[in-house]
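Please read this briefing with the sequence and the structure side by side, and look up each residue as it is named. The points are grouped by topic, so that each group can be checked on its own.

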Amino acid sequence: MQQIVNFIIRNKVFLLFLLLFSISIGFTIQSHAYHKSKFINSANFLTGGVYEASNGISDYFDLKEQNKILQEENNVLKSILFNSTTTLDSSYIDTLSFNKKYKFTTAQVIKNSYSQNNNVLTINKGTNDSIKLDLGVITSKGILGIVDNTSSSYATVLSILNTTSRISAQLKKTNHFGSLHWDGVSEKHIQLTEIPEIAPVIVGDTIITSGRSDIFPKGIPIGTVTSFKLDESENYYDVEVSLFNDMTNIEHIYIIENKDAKIIKDLLKKTNE
């Protein structure tokens, strides 16, 4: 302990310089959007490499489970190809069912958080792979999140298990829609609010994306209704949804790009003006 104190005393001028220099760098990054963007991209590049190396080790020990998941997906795809009358499980996403305005890119999750209030995933695709901000991210089972930062080789995804996330969703059997968000309690459940009182909600109903944005197409599975209650002051249902995705076990994903997104945004911008 005494040696540490002596070291600090001997180098107090240099340590004070480092402290003030770090504070000034922090203020510069926070107050200038350009510097902040460069810092985030650099951090994504450095941490992405570390996460990918660590993920490679864990992948080796998880091969059996991942091969099982891929085999199940291949079985469903074969059913589509050879038996057009096959009825698919309601929690399976058939990307062939969406029209050509949506581009799908495969990727892999190299870091996943699900126990915090503001969870973010890191994936092994970036701007070099045409990945941009605000692209939707899904798995073969359901919705996962939205791309919120990119570097050349990596990107981060704002998980649906993030208390700041808001996504438009609806009942599969009707067009009644509301806002999907997370209360931060359980990684197995998410909440759907603002469903009107006249909607015929029942336990077991399937919840899907509504398509009322330029991010996700309509019809991507989210989960099933486990309970609901009426907010009498607002005349809306608050719905508890059990997720199809196991958010603690995510690896292979699909990134969705709506090729008409810019056209839609430009149109809305003109309308708002």
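Predicted model: local features only at pLDDT ≥ 70, side-chain atom pairs only at ≥ 80, totals over all residues.

Does leucine 15 count as buried, partly exposed or exposed? Leucine 15 counts as partly exposed, because its relative accessibility is 31% and the partly exposed class lies between under 20% for buried and over 50% for exposed.

**The nonpolar patch on the surface**

- Leucine 15 lies in helix α2, and it belongs to a nonpolar patch on the surface that is formed by Ile4, Ile8, Phe14, Leu15, Phe17, Leu18, Phe21 and Ile25.
- Together these residues have about 740 Å² of accessible area.
- Helix α1, residues 2-10, and helix α2, residues 12-31, each supply at least two residues of the patch, and α2 gives the most to it, with six residues.

**The barrel and its strands**

- Six strands form a closed barrel in the order β1-β2-β5-β4-β3-β12, and their pairing is antiparallel; from one strand to the next, the twist averages 45°.
- Strand β1, residues 102-112, is joined to β12 by seven bridges, and the two strands run antiparallel; at one place in this pairing, phenylalanine 104 stands opposite isoleucine 256 in β12.
- Strands β1 and β2 also pair in the antiparallel sense, over three bridges, and they form a hairpin with five residues between them, while asparagine 112 stands opposite leucine 121 in β2.
- Strand β2, residues 118-123, is joined in turn to strand β5, residues 155-162, by five bridges in an antiparallel arrangement, where asparagine 118 stands opposite asparagine 162 in β5.
- Isoleucine 255 is found in strand β12, which covers residues 252-258, and it counts as buried because its relative accessibility is 1%.
- Isoleucine 255 and lysine 132 are 123 residues apart in sequence, yet their C-alpha atoms are 9.9 Å apart in space.

**The salt bridges**

- Side chains of opposite charge can pair when their charged atoms come close, and a search of the whole structure finds three salt bridges.
- Glutamate 257 forms a salt bridge with lysine 132, with 2.9 Å between the closest N and O atoms, and this pair links distant parts of the chain, since glutamate 257 is in strand β12 and lysine 132 is in the loop between β2 and β3, 125 residues apart.
- Glutamate 257 counts as buried because its relative accessibility is 16%, whereas lysine 132 is partly exposed, with a relative accessible area of 43%.
- Lysine 173 forms a salt bridge with aspartate 205, with 3.4 Å between the closest N and O atoms; here too the pair links distant parts of the chain, with lysine 173 in the loop between β6 and β7 and aspartate 205 in the loop between β8 and β9, 32 residues apart.
- Lysine 173 is partly exposed, with a relative accessible area of 47%, whereas aspartate 205, at 8% relative accessibility, counts as buried.
- Aspartate 266 forms a salt bridge with lysine 262, with 3.0 Å between the closest N and O atoms, and both residues lie in helix α5, residues 261-272, four residues apart, which is about one turn of the helix.
- Aspartate 266 is partly exposed, with a relative accessible area of 32%, whereas lysine 262 counts as exposed, at 59% relative accessibility.

- Phenylalanine 228 is partly exposed, with a relative accessible area of 32%, whereas tyrosine 237 is buried, with a relative accessible area of 15%.

**Positive phi angles in loops**

- Aspartate 134, in the loop between β2 and β3, has a phi near 65°, which is a positive value in a residue other than glycine.
- Asparagine 235, in the loop between β10 and β11, has a positive phi of about 60° although it is not a glycine.
- Aspartate 134 counts as partly exposed, at 41% relative accessibility, and asparagine 235 counts as partly exposed, at 41% relative accessibility.

How values were computed. Residues numbered from 1 in each chain as written. Heavy atoms only, no water. Pairing = 2+ DSSP bridges. Axes fitted to C-alpha atoms, helices over the stretch in contact; angles between N-to-C directions. Patch = residues over 30% accessible without salt bridge, like charges linked within 9 Å, V, L, I, M, F, W, Y side chains within 5 Å. Areas by Shrake-Rupley, 256 points an atom, 1.4 Å probe, with all protein chains shown as cover. Salt bridge = Lys/Arg side-chain N within 4 Å of Asp/Glu carboxyl O. Buried < 20%, exposed > 50% of the residue type's maximum accessible area, 1.4 Å probe, protein only.
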